Amino acid sequence: MSDPEIRTRYLDLLERSLTHTLYAGADAVGYPPRSRIRRLLLRLLRRRGLVPVRILPEQERLQREGRTWPLFAHTMIGVERLNSLRRCVETVLADGVPGDLIEAGVWRGGASILMRGVLEANGVTDRTVWVADSFRGLPEPSSAYPADRGADWHTADYLAVSLDEVKANFVRYGLLDDQVRFVEGWFRDTLPALTAESWAVVRLDGDMYESTMDALVNLYPRLAPGGFLIVDDYAIPSCRQAVDDFRQSEAIEEPLETVDWTGVYWRRGTAASNPASGATNTSDVS
Ligand SMILES: C[S@@+](CC[C@H](N)C(=O)[O-])C[C@H]1O[C@@H](n2cnc3c(N)ncnc32)[C@H](O)[C@@H]1O
């Protein structure tokens, strides 16, 4: 096999590991139950090493499409969005777009791990992957953001993954080193401090209006021309509104490209075609 073929195969395999789609039907939905009593019961069972699992009839398709909160996968964004992220990173490397890569909202870290994997596969040693999260879940909705009114993601323990757990996931893939930097805390407190970096890829996955807007306001100004701004949650009305408000206030005219049923991106300040929307994967991921 040639070097490019080996690289492609490695990244294909990495994507399948991260999405847990290597094993047919092997993952399951890990949704936390809504009722308090059931949640308590769940905690009790977990302490005994037992995990109740609800296997949906269409689990495999839902997981590939990134519509579930998976039990085992290291990312919930599904095959299409992960593959598109890979193409964005490969494109900025090929085009020499300067800057680091950042994900704001990482959960178990899978999408950030992929970005580090793409750097590794391409022998890139002068770029860093920044991994920004509270590492304790989403914030309570603030009255300053009416679009977030009623949001209850902050009650979902399932979305709270500790920094240690995320680091351990990087270690599983042999991808934790000094090219990975962790930014712990609420975006509103942490992201304004990242003023020394410039970005080639910014990936937003914070679901809420506040989280999306905090990331846009603090990261977009330093996105290099030719860099990608990726939004995971455009199907969520609060996130969509933040993106639309920001694009309008900044008079951003670059077209919003669709990745799948919820993922979108735009490429800053370039009229180049959109390489991130066509499959480069040698394997069938459709
Ligand atoms: C939907 S999950 C991210 C999924 C992840 N990108 C993946 O690949 O599976 C949302 C994450 O955003 C984080 N988050 C949301 N809003 C935040 C905020 N304002 N500050 C810090 N972290 C936030 C949560 O802790 C959670 O880990």
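So, the core. The largest nonpolar core in this predicted model has 68 residues. The ones with the most contacts inside that core are Leu 114, Met 115, Val 201, Val 202, Leu 219, Ile 230 and Tyr 265. And which element gives the largest share of this core? That's H5, with seven residues. As general background, nonpolar side chains in soluble globular proteins tend to be buried together.

Leaving out anything up to four places away in sequence, Val 201 touches Cys 88, Val 89, Val 92, Leu 101, Met 115, Gly 227, Phe 228 and Ile 230. Contacts across the sequence show up for the whole protein too: of the contacts with a separation of 6 or more, 76% are between residues 24 or more positions apart. For the overall picture, we have 286 residues, 42% of them buried, with nine helices and seven strands.

OK, back to H5, which covers residues 110-121. The buried ones are Gly 110, Ala 111, Ser 112, Ile 113, Leu 114, Met 115, Arg 116, Gly 117, Val 118, Leu 119 and Ala 121. Note that Arg 116 is in that list.

Just past the end of H5, Gly 123 has a positive phi, about 65°.

H5 also brings us to the ligand. Both H5 and H8, which is 209-219, supply at least two residues each to the shell around the ligand. Which one gives the most? H8 does, with three residues. There are 24 residues around the ligand, and Thr 75, Gly 105, Trp 107, Gly 206 and Ser 211 come nearest. Sorted by class, the shell has twelve nonpolar, seven polar and five charged residues.

Next, the sheet. It's an open sheet of seven strands with mixed pairing, and the order is S3-S2-S1-S4-S5-S7-S6.

Take the S1 and S2 pair. S1, residues 100-104, runs parallel to S2, with four bridges. Leu 101 has Val 129 in S2 as its bridge partner, and Ala 104 is opposite Ala 132. You'll remember Leu 101 from the list of residues that Val 201 touches. As for S2, all five of its five residues are buried: Val 129, Val 131 and Asp 133 point one way, while Trp 130 and Ala 132 point the other.

S5, residues 223-231, and S7 are antiparallel, joined by four bridges, and Val 231 has Val 264 as its partner in S7. S7 and S6 also pair in the antiparallel sense, over two bridges, and they make a hairpin with five residues between them. In that pair, Glu 257 stands opposite Tyr 265, and Tyr 265 was one of our core residues with the most contacts. S7 is covered on both faces: Val 264 and Trp 266 are buried on one side, Tyr 265 and Arg 267 on the other.

Most residues other than glycine have a negative phi. Here, His 20 has a positive phi near 55°, and Phe 135 has one near 60°. Where do they sit? His 20 is in the loop between H1 and H2, and Phe 135 is in the loop between S2 and H6.

And are they buried or exposed? His 20 has 18 other C-beta atoms within 10 Å, so it is partly exposed. Phe 135 has 21 C-beta neighbours inside 10 Å, and because the cut-off for buried is 20 or more, Phe 135 counts as buried.

Terms used. Residues numbered from 1 in each chain as written. Predicted model: local features only at pLDDT ≥ 70, side-chain atom pairs only at ≥ 80, totals over all residues. Buried ≥ 20, exposed ≤ 12 C-beta atoms within 10 Å, placed from the backbone. Contact = placed C-beta atoms within 7 Å. Near = placed C-beta within 6 Å. Nonpolar A, V, L, I, M, F, W, Y, C, P; charged D, E, K, R; others polar. Core = buried A, V, L, I, M, F, W, Y, C linked by C-beta atoms within 7 Å. Pairing = 2+ DSSP bridges.
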